[in-house]
Amino acid sequence: MQRLHVYPDIRAMFRRLLIATLIGVLAALAVAVFRHSMFLLEGLFLGNHSGSLVAAASELAPWRRALPPALGGLAAGLLLWGWQRLNQQRPHAPTDYMEALDTDEGQFDYGGSLVKSLASLLVVSSGSAIGREGAMILLAALAASLFARRYTPKSEWKLWIACGAAAGMSSAYHAPLAGSLFIAEILFGTLMLASLGPVAIAAVVALLTTHLLSPGATTLYEVKLSGTLTALDYALMVGTGLLAGLCGPLLMWLMQYSHSLFLRLKLSPPWQLALGGLIVGALSLLTPTVWGNGYSVVQAFLLSPPLLSVIAGIFICKLLAVLASSGSGAPGGVFTPTLFVGMATGMLFAQVISMGFPGTEMAILAGLAGMATLLAATTHAPIMSALMVCEMTGQYVLLPGLLIACVIASVLSRTLRHNSIYGEHVAEHRQIDVGR
């Protein structure tokens, strides 16, 4: 893999830090544009002005609840299919930032990337159970790449794409340190350690810009814990890590199997995405919580954990919705849906070992441990996963226990399944240009 040149002189160092700062601002603006476009479409098509797709689904009549995800998938599929037909004679170029970083020069298909982002906007605004953050990070990396092509030498393009991706993740999740470690752990080998300075600067500046654009809460999730951990709490986190180490490979296999089932149907992209959306819509007849990436449901559970039967019912429906959305090829991310699955797994684990009646703090702690450890089990990035949950919730007191649990989950998962979800994602894009 080509290594990035590191300039030894002070002037070059300050130049890099200045560019990283500018890329941080550009990334935050790209994320903000996507977020506000999503809110605008939700208001136009669903009459939803709360920002919560679950709230929008709850207010719709059942028959109306089933249609938007299918129509959004159909529209996104038509857009992707039309673009592929128009450009089938052109040589392939990456439309994904991970694939771009895996190439020698860090090149993008800018038109294809924008079309994929627009398709993602359509599916996430219509209720599909797919993450909006994937498109946000892609747009941030795309903005960084456009800037880099205009103002920097080709040897540095991959560095600035990495800075854009880290900054986009920081802006989307309010987690600048985890965004930086996302580059270090998941994309290891594309950057030298000395290049992480600009990455961290871009991530922090992106978060500061996001706070200026949308003043309010400094953490993504509101969580209330006493702040004192016991030996039993550490044992609970380790136990959750062991469970996540088993569930991570299973979740990745389910996603892969779901995608293969959709491919066996041999549908054109519009009908394939429409079918995935229709399945989500049908599941929403049972519970409206299947709409969206799961953020609002995670927040509600972390504030007031429900009983085992409620968690289990929502968990099954949401998991099926995520598998339908990702399996159909809906463009978007699986990062936030994975956080939901991990939280529900952790809370179910706490319910079972305490005979269905855990204390509120025990359930919340297990939920947070589940979020971090399942993320570690699917990404094989334990440090990033532990730190990310701490940054998203402000509960840094959990960091030592989460680090131990995440390392256990990652090692066990890697033993059972060599590739991470992102390793499989890049391999999939090499064969077929379908966004996840």
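Helices here are DSSP runs of H or I with at least four residues, numbered from the N terminus. You're looking at a predicted model, and its chain has 19 helices and zero strands. Of the chain's 436 residues, 58% count as buried. Here's a quick tour, starting with the whole chain and moving on to helix pairs and single residues.

**The chain and its core**

- Take the contacts between residues at least 6 apart in sequence: 80% of them join residues at least 24 apart.
- The largest nonpolar core holds 124 residues, and the members that touch the most others are Tyr 97, Tyr 173, Leu 302, Met 371 and Met 388.
- Helix H8 gives the most to this core, with twelve residues.
- Want to see who Met 388 meets? Leaving aside neighbours within four places in sequence, Met 388 is in contact with Met 169, Tyr 173, Ala 175, Ala 178, Phe 335 and Leu 375.
- As general background, nonpolar side chains in soluble globular proteins tend to be buried together.

**H13 with H15**

- Helix H13 (residues 295-303) packs on helix H15 (residues 335-353) at an angle of about 30 degrees, and their axes are 9 Å apart.
- Angles under 35 degrees count as roughly parallel, so H13 is roughly parallel to H15.
- The two helices cross in a left-handed way.
- On the H13 side, the contact uses Tyr 295, Val 297, Val 298, Phe 301 and Leu 302, and these meet Thr 336, Phe 340, Met 343 and Met 347 in H15.
- Sort the residues of this H13 and H15 contact by class and you get eight nonpolar, one polar and no charged.
- Leu 302 turns up in this contact and also in the list of core residues that touch the most other members.

**H6 with H7**

- Helix H6 (residues 110-125) and helix H7 (residues 133-151) pack at an angle of about 155 degrees, with 10 Å between their axes.
- Over 145 degrees counts as roughly antiparallel, and therefore H6 and H7 are roughly antiparallel to each other.
- The crossing of H6 and H7 is left-handed.
- H6 brings Tyr 110, Ser 113, Leu 114, Lys 116, Ser 117 and Ser 120 to the contact, while H7 brings Ala 135, Leu 138, Leu 139, Leu 142, Ser 145, Leu 146 and Arg 149.
- By class, the contact of H6 with H7 has seven nonpolar, four polar and two charged residues.

**H12 with H14**

- Helix H12 (residues 269-284) and helix H14 (residues 308-327) pack at about 170 degrees, with their axes 8 Å apart.
- That angle makes H12 roughly antiparallel to H14.
- The H12 residues in the contact are Gln 272, Gly 276, Ile 279, Val 280 and Leu 283, and the H14 residues are Cys 317, Leu 320, Ala 321, Ala 324, Ser 325 and Gly 327.
- Seven of the residues in the contact of H12 with H14 are nonpolar, four are polar and none is charged.

**Asp 96 and Lys 116**

- Asp 96 counts as buried, because its relative accessibility is 9% and the cut-off for buried is under 20%.
- Lys 116 is in helix H6, and at 10% relative accessibility Lys 116 counts as buried too.
- Asp 96 and Lys 116 are 20 residues apart along the chain, and their C-alpha atoms are separated by 9.1 Å.
- Gly 112 is 16 residues from Asp 96 along the chain, with 9.3 Å between the C-alpha atoms.

**Two histidines with positive phi**

- His 174 isn't a glycine, yet its phi is positive, at about 60 degrees.
- His 174 lies in the loop between helix H8 (157-173) and helix H9 (176-186), and its 14% relative accessibility makes it buried.
- His 380 also isn't a glycine, and its phi is a positive value near 60 degrees.
- You'll find His 380 in the loop between helix H16 (360-379) and helix H17 (382-393), where it is buried at a relative accessible area of 7%.

**Ser 214**

- Ser 214 is in the loop between helix H10 (196-213) and helix H11 (231-264).
- At 36% relative accessibility, Ser 214 counts as partly exposed.
- Ser 214 and Ala 32 are 182 residues apart in sequence, but C-alpha to C-alpha they're 8.7 Å apart in space.

Definitions and conventions. Residues are numbered from 1 along each chain as its sequence is written. This is a predicted model: local features need pLDDT of at least 70, side-chain atom pairs count only at pLDDT 80 or more; totals for chains, interfaces and linings use all residues. Side-chain values use heavy atoms; hydrogens and water are left out. Axes are lines fitted to C-alpha atoms, for helices over the stretch in contact, and angles run from 0 to 180 degrees between N-to-C directions. Angles under 35 degrees count as roughly parallel, over 145 as roughly antiparallel, 65 to 115 as roughly perpendicular and the rest as oblique. A crossing is left-handed if the near helix is turned anticlockwise from the far one by less than a right angle, and right-handed if clockwise. Contact means heavy atoms within 4.5 Å. Ala, Val, Leu, Ile, Met, Phe, Trp, Tyr, Cys and Pro count as nonpolar, Asp, Glu, Lys and Arg as charged, and the others, Gly among them, as polar. Buried means under 20% relative accessible area, exposed over 50%, partly exposed in between (1.4 Å probe, protein chains only). A nonpolar core is a set of buried Ala, Val, Leu, Ile, Met, Phe, Trp, Tyr and Cys residues joined through side-chain atoms within 4.5 Å.
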